[in-house]
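Me: I have a few questions about how some words are used here. Please set each value against its definition.

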Amino acid sequence: MDDIKKKILISLFIVFMIFPIYVYAAKVVATKPVLSDEAQMCLGCHSNKDMTKALENKEILSLYVDGDAFVNSIHNAISCAGCHMDISMQNHPQVKKIKSKKEYIANASKACTMCHADDQLRKKPIHSFLITKAKAISCVECHGSHSIKGIAAQRAGLGETQYCLSCHKSRLSMTMKNGESLSVFVDESSLRNSAHGKLECTKCHSNFSKTQHPVRAFNSKREYTLINTELCKKCHPDASSQYEKSIHYDLFKSGNPKAPNCTDCHGNAHSLARTKPDKTIGLTLCNKCHRELNSSYEASIHNKARLQGKKDAPVCSSCHNAHNIESTKMTTKIKEGCFKCHKDMGKVHNKWLKNPPITLSTFATAHFDVVSCAACHSIEAKRGIYLTLYSRKTGEPVTEEELLKILETDPVGLMKKIDSNADGIIKAREIWDFFSLLYKKGVTSIFMGKMDVGNAAEAHMIGGKAEATKDCVKCHQPGAEFFQNVFVVIQKADGKRTILNAKPGVLNSVYTILPVSKFYALGSTNIKLFDILFIIALIGGIAVPIGHISLRIITSPLRSLRRMGKGGKK
Amino acid sequence: MKKIYLHPLPIRIWHWVNAGGFIILILTGAQMRFSNVFNLFSFETAVDIHSWTGFILLANYFIWLLYYLLTFKIKIYIPPLHHPIEFTKKALRQAKFYGWGIMVGDENPHHSTPDNKFNPMQQVSYLMIMVALIPVQIITGLLLWDPKLFSPVVNLIGGIQIADMIHVLLFIFFSAFIIVHFYLATLGHTTFAHIIAMFSGYEEEYEEHEEHGGHAEEHSHQEKTE
């Protein structure tokens, strides 16, 4: 009885465990392609992973062939000599000089055309375009070699990005009409690690897909970049519309070839850096063009705070905005950048600004309107008074381009009209003459005064609170230290400025009362003529009683005589 | 000799506060303007004193204004412009007195009464000062005190530099005026007569003048007092 049970158990084991394995193995053996004898013979050696060849350029060429991959490739039925025509079972050159991998691959790829007719290769436009190029990449760079699959299988087996990368992982390049060469190589590891790493290629390149690859031509790399900037808009519409309001976009519109666009700041879209919590990205991107400002920023309290890991420590974009960057010279918005972090500045400054009997926040604002933050807070800056020409009517700067039209002159003629004696220093009378000239031409102008630092580097060298200037007399006394550098500024349409040296005393001249009527600093913009008038008035005031008393003394005999006469009558 | 109650208490208070205030404002104003020439106070102290005093005088101005408006005595400042020729003659006579008559012993043609306090020259100048110059000085002072707070007014007049120009020109005028004013105050029947009257309120006037009214009599009385 026990024997019967044993037999039944063995039978069941065979039926449920061994039989399926047998059936599967039989099936595999039945469907697996069989390599040719020649191939099996070659693989006898070339299945060794360590088999390599040193090339003339010192590159190491692996001679290993993955047998399994080859068995599963579309070429499995072809013998090795079918492609490697100079090698056969009978003839295997021991020493074959090969210069480089590139040369080896190019030569090996020639074999492809033995079977693949030109018509077949030219079917797809991009394929047709690529194979006619003088420096076309070889077949194996896109399609692979021993593991080559049919296009349909490759298309089906690969994800979208992977499919694109099958060609673009190679050092592909496009030649522009102007002869420039643009790399269209995509580094897969950079792409995967970039902020766009999880996106499929077609998310941005919507005209492309596994089945569609138009052939495009561009005049220049710049044109290509600008057209591709549109791709960013799809996912980043806010940043794009902000960019279109920026000084960078103004430069771009003016045709400046160096005007930055998305990729100029952020780098290639395929290796786009992720935003880092330490904000270094905000520095490194701007430093590409504004490197000269970096050392002054590094000396600032802002950078010290950043290095200390303070969360709110500002980098470039914290003050200047990331995309809607405006010219700091044309607007006061940079102050808003400061106020984004430094709240209640009116109250803070009124702790030491004095305006009895009650110091209102407007008093601090009156200072903020004409003094840049950096003018007091920058370490050892060379402050100056900048008198920028504005239109009273529009409240906007009168640009150099507008002046040329109004005065019907050229830039040299304009300078002659401002600096009439061409000595390089604008005097008060010259300011008045220019103001009058514009008035005659129907433009009521005004020179808006502002105290600022001398250059952009100083503007970034912001010191600590203790280092800020709080000494009133630096500005508020005749001949004040901060009023020794005066400049006349003419704005240009692109945000740049023409800065002309003015005589330090221009603000003390009666000639500038009207042209600079909105800029005043107690003590330092005193009008000299009024000082003289004051002295004359004092002398006159004292002279009246002295003169009158003198006359009364001189005429006292007259009064005595008269008194005596009256007395006689009496 | 009789005493005329010429200066009521509110006006005396207003006057002396104003007088002291003017001197302080002129000194501190000059200090701010000429800190490179003399140094009575630091810049901050000068600004402090100047601003406080300015506001005190602003309030003080309303003592004067309210007193004269509420008592209807403001008319003593109004020249009788409906008699322009007569008024001009009187003014010229007054000028002639200060320029010549006072030298030869003529009597002051004007005799102050509470209803006719000022001679024609005083009337014109004080009217200008009280209703135009001081208010303008106060307003421009306020504009300079906080230009941002009063920016609509500052812009209306063309800019803060214009406000400063007006303020400074008036400062120059008042500086000269206060010297001359002080000297004229000594031209009463005694050197300190007007000044004492400005403290006591009572101006001394001889009764004979009231009775006879003759020029010769008045003259002799005046001379006696000199």
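Me: What do strand 7 and strand 8 of chain A form, and which residue in the turn has a positive phi?

Reply: The two strands form a hairpin, with 5 residues between them. A:Gly495 sits in the turn, and its phi is positive at about 95°. Strands here are DSSP runs of E, at least two residues long; helices are runs of H or I, at least four long; both are numbered from the N terminus. Residues are numbered from 1 along each chain as its sequence is written, while chains are lettered from A and ligands numbered from 1 in the order in which they are written. This is a predicted model: local features need pLDDT of at least 70, side-chain atom pairs count only at pLDDT 80 or more, and totals for chains, interfaces and linings use all residues.

Me: How do you know that strand 7 of chain A and strand 8 of chain A are joined, and in which direction do they run?

Reply: Two strands pair if DSSP finds at least two bridges between them. Strand 7 and strand 8 (residues 497-502) of chain A have 6 bridges and run antiparallel. One bridge partner of A:Val489 is A:Ile499, in strand 8 of chain A. On strand 5 (residues 384-391) of chain A, the count is 4 bridges to strand 7, and these two run parallel. A:Tyr386 stands opposite A:Phe487 of strand 7 of chain A.

Me: What makes strand 6 and strand 8 of chain A the edge strands?

Reply: The open sheet has 4 strands in the order 6-5-7-8 (chain A), with mixed pairing. Strand 6 (445-452) and strand 8 of chain A each pair on one side only, and that makes them the edges. From one strand to the next, the twist averages 30°, as an angle between N-to-C directions that can run from 0 to 180 degrees, with axes fitted to C-alpha atoms.

Me: Why is strand 7 of chain A called largely enclosed?

Reply: A residue is buried if 20 or more other C-beta atoms lie within 10 Å of its own, exposed if 12 or fewer, and partly exposed in between; C-beta atoms are placed from the backbone. In strand 7 (residues 486-491) of chain A, 5 of the 6 residues are buried, so the rest of the structure largely encloses the strand.

Me: What makes A:Asp410 exposed?

Reply: A:Asp410 has 10 other C-beta atoms within 10 Å, so it counts as exposed. The residue lies in the loop between helix 26 (400-406) and helix 27 (411-418) of chain A. A:Glu408 is in that loop as well. With 8 other C-beta atoms within 10 Å, A:Glu408 is also exposed. Its phi is positive, about 50°, although A:Glu408 is not a glycine. Most residues other than glycine have a negative phi, and most peptide bonds are trans.

Me: How do you know which peptide bond joins A:Pro356 and A:Pro357?

Reply: Omega is about 5°, and the bond is cis. A:Pro357 is in the loop between helix 23 (345-350) and helix 24 of chain A.

Me: How do you know that the buried residues of helix 11 of chain A line one face?

Reply: In helix 11 (residues 160-168) of chain A, A:Thr161, A:Cys164 and A:His168 are buried. Down the helix axis they fall within an arc of 65°, so they line one face. The arc is that of the directions from the axis to the C-beta atoms.

Me: Why is chain A called more spread out than a compact globule?

Reply: Chain A has 31 helices and 8 strands. Its radius of gyration is 42 Å, well over the 25 Å that the globule rule gives for 570 residues, so chain A is more spread out than a compact globule. The radius is taken over C-alpha atoms, and the rule is 2.2 Å times the number of residues to the power 0.38. The C-alpha trace of chain A spans about 180 × 75 × 40 Å along its principal axes.

Me: What makes up the contact between the chains, and how many residues come from chain A and from chain B?

Reply: Two residues are in contact if their C-beta atoms lie within 7 Å. Chain A gives 47 residues and chain B gives 38 residues. Helix 30 of chain A supplies the largest share of the side of chain A that touches chain B, with 14 residues. That side has 24 nonpolar, 14 polar and 9 charged residues. Nonpolar means Ala, Val, Leu, Ile, Met, Phe, Trp, Tyr, Cys and Pro; charged means Asp, Glu, Lys and Arg; the others, Gly among them, are polar.
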